[in-house]
Amino acid sequence: MTTNPRKKPEELRSHRWYGVKDLRSFGHRSRTAQMGYHRSDYAGKPVIAIINTWSDINPCHSHFKQRVEEVKRGIWQAGGFPVEMPAISLSEPFQKPTTMLYRNLLAMECEELLRSYPADGCVLMGGCDKTTPALVMGAISMDLPTIFMPAGPMLRGDYRGEYLGSGSDTWKYWAELRAGNITEDDWQDVENGIARSPGHCMTMGTASTMTSAVEVLGLTLPGASSIPAPDSRHAQMATLTGKRIVDMVWEDIKPSDILTTQSFDNAVTACLGLGGSTNSIVHLIAMARRAGVALDLKRFDALARQTPVIANLRPSGKYLMEDFFYAGGLRAFLTQLGELIDFSQKTINGQTLGQNVEGAKVFNDDVIRPRSKPLVESDGLAVLTGNLAPGGAVIKPAAMEAHLRKHKGPAVVFKDYNDMNARIDAPDLAVTKDSVIVLQSAGPQGAPGMPEWGQLPIPQKLLKEGVRDMLRISDARMSGTSYGACVLHVTPESHVGGPFALVRDGDIIELDVEARSINMLVPAEEIARRQAAWQAPQPKFTRGFGVMYLKHIQQADTGCDFDFLETEKKAAAGEEPEIH
């Protein structure tokens with residue numbers, strides 16, 4: 001791999017702030033001295049912005065106070081000047097109605113921090129679900145030398161000698177509690193043992209899916225995404241990340257030098273082979289469009305048809321991310337995918353993806369399976385279309401009961417989340433195991449923010465009958481840790497008048513995963529009559545960020561980015577607007 005000519009100190013972007021002999025640079029230098037730094041600390045050195053998403057209410061990033069010091073150590077050692085810049089923390093367990101409402105806000109904040117301050121390069125510190133795509137989206141748009149430092153998964157949960165997986169086992173034991181099969185004391189033991197260290201979810205949920213995708217894209221150090229957060233090797237990786245970003249600045253390696261159509265194909269293929277989160281579709285499409293790559297739902301589906309699921313990880317499989325790391329991690333996993341991956345793609349360490357995985361071995365072939373013995377032969381995800389979702393919808397066949405892959409049943413419709421919450425467990429709810437539960441007004445505008453409501457609850461009376469899966473459809477997302485026959489991301493969403501808004505109780509809905517179809521068996525003239533009578537709901541926001549969100553948010557099939565961000569064209573090299 002050839003690299004760009006090494007920069008000279010006067011070519012650094014930060015030279016505009018620190019190296020010019022004028023009044024403004026006097027102010028920059030004097031105020032830096034005010035913070036206790038000598039000119040020798042930064043003069044002629046790359047200034048590295050560390051975008052840190054730590055906060056007291058984000059458990060996934062609770063170790064970032066320490067990790068940022070380790071990143072700084074690496075930057076100092078390599079001859080750079082570290083500048084920590086806190087950014088909004090998108091805490092998946094706590095932020096309402098959903099962190100997805102604020103993904104684009106963090107992307108904007110990241111981009112503007114990098115644009116407005118004297119950054120020559122950046123380290124992105126993230127891991128919790130929406131943080132990873134948000135930071136990368138912002139950095140792609142700014143296009144400075146960038147390296148992502150993943151938070152790492154937490155340790156395995158513990159429940160009476162059994163391993164617990166975040167999210168997946170929450171839903172499992174919650175269903176058993178509602179069915180009356182476990183006690184409140186049992187439930188308390190699950191609560192006490194399911195999350196017992198720093199780090200993001202240790203199932204193959206959205207967090208691990210996205211950090212793995214970013215590593216495959218070439219934006220992390222090799223193997224970085226697999227290391228558990230509390231492992232000492234994670235701290236070492238943080239320091240090595242700090243060292244590497246300084247060299248990247250001198251070499252001028254930027255996201256635009258790395259991200260290609262082929263690297264995004266690699267990321268999609270890896271997500272599919274991992275049995276990764278359906279959320280990866282929305283996030284990778286948004287990231288690709290920031291990079292000028294035309295990734296769409298059709299490409300996801302085409303790659304899904306040829307990619308086996310070979311990572312035996314929950315929710316599709318048995319194991320957890322700690323097991324995956326011990327089994328060889330992402331590097332070993334990629335070797336098993338073989339020719340499905342384009343190993344010639346560039347990465348941030350100056351090597352190709354193939355060079356980065358060279359010598360990696362699988363140490364447990366039940367966790368990372370060979371392609372000859374996959375968990376699922378193909379279709380880790382499937383894209384559906386039909387008169388219910390003309391713009392597309394998605395489902396995760398590997399995480400659903402097989403008999404539901406071709407199913408027909410009457411709709412039980414909930415107009416919004418509050419309606420569902422009020423009626424789902426009503427004894428007189430007209431529902432059977434063959435019914436199709438429908439949740440409307442849960443999309444990008446309808447919820448708002450497209451929350452992870454898509455794993456719709458099974459009515460309590462059916463749980464007591466032993467039902468654990470049934471067909472459920474919404475314009476929401478669902479947690480990557482979730483499972484079940486859940487059709488998600490229905491596009492256009494109901495709130496903007498898509499056909500999904502027109503479904504009524506009793507309408508027959510037909511799913512055929514193999515045929516990639518989702519339809520309501522309602523005559524076209526009746527659908528047209530309902531469409532003519534449909535009235536647009538009132539806006540969900542009347543002030544603040546929410547107003548901007550509603551005005552500019554796009555639909556799920558194009559990544560839910562703001563329209564004015566993805567179409568922004570990056571300035572040509574050397575044409576960045578002058579900062580005064």
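This is a predicted model: local features need pLDDT of at least 70, side-chain atom pairs count only at pLDDT 80 or more; totals for chains, interfaces and linings use all residues.
Helices (H or I, at least four residues) and strands (E, at least two) are DSSP runs, numbered from the N terminus.

View 1. Pro-492 sits in the loop between strand 12 (486-491) and strand 13 (508-512). Most peptide bonds are trans.

**View 2. Positive phi at Asp-252 and Cys-560.** Neither residue is a glycine: phi is near 60° at Asp-252 and about 55° at Cys-560. Asp-252 lies in the loop between helix 10 (232-251) and helix 11 (255-258); with a relative accessible area of 18%, Asp-252 is buried. Cys-560 lies in the loop between helix 21 (545-552) and helix 22 and is buried at 3% relative accessibility.

View 3. Strand 3 (residues 121-126) is joined to strand 4 by five bridges, and Gly-126 stands opposite Pro-150 of strand 4.

**View 4. Packing of helix 6 against helix 9.** Helix 6 (residues 131-142) and helix 9 (residues 206-217) meet at an angle of about 35°, and their axes are 8 Å apart. Helix 6 contributes Thr-132, Pro-133 and Val-136 to the contact, and helix 9 contributes Met-210, Thr-211 and Val-214. By class, four of these residues are nonpolar, two are polar and none is charged.

**View 5. Nonpolar cores.** The largest core has 77 residues; Ile-51, Leu-114, Val-123, Leu-124, Phe-264, Leu-284 and Met-287 touch the most other members. Beyond four places in sequence, the contacts of Leu-284 include Met-210, Ala-213, Phe-264 and Phe-300. A separate core of 27 residues includes Ala-382, Leu-384, Ala-411 and Leu-511.

**View 6. Confidence along the protein chain.** The average pLDDT is 95, and 97% of the residues score at least 70. Among the elements, strand 1 (residues 47-52) has the highest mean (99) and helix 22 (residues 563-566) the lowest (90). Over residues 569-574 pLDDT stays under 50, and the model has five contacts for this stretch beyond four places in sequence.

Terms used
Residues are numbered from 1 along each chain as its sequence is written. Side-chain values use heavy atoms; hydrogens and water are left out. Axes are lines fitted to C-alpha atoms, for helices over the stretch in contact, and angles run from 0 to 180 degrees between N-to-C directions. Contact means heavy atoms within 4.5 Å. Ala, Val, Leu, Ile, Met, Phe, Trp, Tyr, Cys and Pro count as nonpolar, Asp, Glu, Lys and Arg as charged, and the others, Gly among them, as polar. pLDDT is the predictor's confidence in each residue, from 0 to 100. A nonpolar core is a set of buried Ala, Val, Leu, Ile, Met, Phe, Trp, Tyr and Cys residues joined through side-chain atoms within 4.5 Å. Buried means under 20% relative accessible area, exposed over 50%, partly exposed in between (1.4 Å probe, protein chains only). Two strands pair if DSSP finds at least two bridges between them.
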